[in-house]
Amino acid sequence: TTHAFSILANAEGKTGTGLLTVYFSHFNIAKNVSITVVGTKDFALTASPFPTYTGSSAVVVDTLLEYVGSSTWQQAVLSTVITLTNSQKLDVSGDAAVKYVS
């Protein structure tokens, strides 16, 4: 039988290395696994032109204007990148937990 579980990080903002011990009492077997717990250090939200084109992800848009003589506005693609306390960067733009509100 396979049992799935998840480990939730602490709510106290503690980071570092932890030790997870898995123990099977009916077999008298134990294994230790070292786990690195990181936190969020910073995040960056950027907007790039849409529709996209080669190199557009490197262009930062800070103003969207209405096209003259129309009711059509310029569009942008939003990108959210989180920097963790171990300096790793994660692009979470498409994550279901990230909400963009205009």
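Mentor: Start with L78, which is partly exposed, at a relative accessible area of 37%.

Trainee: Why is L78 called partly exposed?

Mentor: Buried means under 20% relative accessible area, exposed means over 50%, and partly exposed is in between (1.4 Å probe, protein chains only). L78 has 37%, so it counts as partly exposed.

Mentor: Two ground rules. This is a predicted model: local features need pLDDT of at least 70, side-chain atom pairs count only at pLDDT 80 or more, and totals for chains, interfaces and linings use all residues. Residues are numbered from 1 along each chain as its sequence is written, and side-chain values use heavy atoms, leaving out hydrogens and water.

Trainee: Where is L78 found?

Mentor: In strand β4, residues 75–84. Strands are DSSP runs (E, at least two residues), as helices are (H or I, at least four), numbered from the N terminus.

Trainee: Which residues does L78 touch?

Mentor: L45, T46, A47, S93 and Y100, not counting residues up to four places away in sequence. Contact means heavy atoms within 4.5 Å. S93 is 15 residues from L78 along the chain, and their C-alpha atoms are separated by 7.2 Å.

Trainee: Which residues form a nonpolar patch on the surface?

Mentor: F43, L45, L78 and Y100, with about 400 Å² of accessible area together. Patch residues have over 30% relative accessible area and no salt bridge; nonpolar side chains (Val, Leu, Ile, Met, Phe, Trp, Tyr) are joined within 5 Å, like charges within 9 Å. A salt bridge is a side-chain nitrogen of Lys or Arg within 4 Å of a carboxyl oxygen of Asp or Glu. Areas come from the Shrake-Rupley method with a 1.4 Å probe; for residues, only the protein chains shown count as cover.

Trainee: How many helices and strands does the protein chain have?

Mentor: Zero helices and five strands.

Trainee: What makes the protein chain more spread out than a compact globule?

Mentor: The globule rule is 2.2 Å times the number of residues to the power 0.38, and the radius of gyration is taken over C-alpha atoms. For 102 residues the rule gives 13 Å; the chain has 22 Å, well over that, so it is more spread out than a compact globule. Its C-alpha trace spans about 75 × 30 × 25 Å along the principal axes.

Trainee: Is N28 buried or exposed?

Mentor: Exposed, because its relative accessible area is 59%. N28 is found in the loop between β1 (16–24) and β2 (29–37).
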